[in-house]
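Here are my notes for you, as promised. Have the structure open while you go through them.

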Amino acid sequence: MNREVFSKQFNCEIKNISDDLSFLFQDKKATKEFYYHGKYCLEMADLFDDLQKKTSSDLSQKLVWNGGALQLLNLQILQYQDKEIDIVLRKIELKQVIKAVSIINKNILDFTTVPQLAREVGLTALKLQEGFKYLYNTTVNEYVIERRLDLAKTLLEKSDHNISEIVDLIGLSSRSYFSRIFKNKYNISPSAFLKLKKGKQKS
């Protein structure tokens, strides 16, 4: 990257980046060498593949290439600054995460622990959690709770089980905890939900 040309095109105040990167972008004459070997990133890989498919040389396509190059640069900057993320997810690993989701959905009442599920799909527990964060913006346990709440709602709607029985059926030990998270998700308590159901049945 020609830093002098880049600085003329993007003449703006440099904020919210680390000191070393701030110096890098202000070093227009490239007096200091800088090298960063980034980690594999699915978003960058997909963007790069998409740009390679573009073969036209007209103005609109060149603008697309320039925009894509800037997107790649932005992703690299974000990755460089995120010192805490050392996990790299490849496409094959994301497929294993999706497989884990399928296992949870099919056996929601049999879920035990994250490490056990991770072993079943061939990932480390850390990779599995990172995959859930990337794909679903949640943790494995939070995803399990969401699916069990969906099941609880179905049982409240279509079965004759009382609330305590449903709490046991979905694998929770506290009725008060169940009532709280159910209300957080559906904006109605389980007991109020049952009363509403009974009222509809009478009418």
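1. In what order do the elements of the protein run from the N terminus on? They go α-α-α-α-α-α-α-α-α-α-α. That comes to eleven helices and zero strands. Keep in mind that this is a predicted model.

2. Some overall numbers. The protein has 203 residues, and buried ones make up 32% of them. Of the contacts with a separation of 6 or more, 62% are between residues 24 or more positions apart. The accessible surface is about 13,900 Å², with 52% of that belonging to carbon and sulfur atoms.

3. On to the aromatics: searching the whole structure turns up six aromatic pairs. Take Phe132 and Tyr143, whose ring centres are 5.6 Å apart with the planes at 75°, so this pair counts as edge-to-face, the cut-off for that being over 60 degrees. Phe132 belongs to helix α7 (residues 125-136) and Tyr143 to helix α8 (residues 140-158), so the pair ties together parts eleven residues apart in sequence.

4. Another pair to look at is Phe178 with Phe182. Their ring centres are 5.6 Å apart and the planes are at 50°, so I'd call this one tilted. Both residues are in helix α10 (residues 175-186), four residues apart, which puts about one helical turn between them. As a reminder, an α-helix has 3.6 residues a turn, so residues three or four places apart point the same way. Phe178 and Phe182 are both buried, and together with Tyr186 and Phe193 they form one aromatic cluster.

5. Last, have a look at helix α5 (residues 91-106). Its 16 residues reach 23 Å from the first C-alpha to the last, close to the 22 Å expected at 1.5 Å a residue. Which residues of α5 are buried? They are Glu93, Leu94, Gln96, Val97, Ala100, Val101, Ile103 and Ile104. Looking down the axis of α5, these buried residues fall within an arc of 160°, so they line one face of the helix. On the other side of α5, Ile92, Lys95 and Lys106 are exposed.

Notes. Residues numbered from 1 in each chain as written. Predicted model: local features only at pLDDT ≥ 70, side-chain atom pairs only at ≥ 80, totals over all residues. Heavy atoms only, no water. Phe/Tyr/Trp six-rings, centres within 6.5 Å; stacked < 30°, edge-to-face > 60°. Helix = DSSP H or I, 4+ residues; strand = E, 2+ residues; numbered from the N terminus. Buried < 20%, exposed > 50% of the residue type's maximum accessible area, 1.4 Å probe, protein only. Expected span 1.5 Å × (residues − 1). Arc of directions from axis to C-beta. Contact = heavy atoms within 4.5 Å. Areas by Shrake-Rupley, 256 points an atom, 1.4 Å probe, with all protein chains shown as cover.
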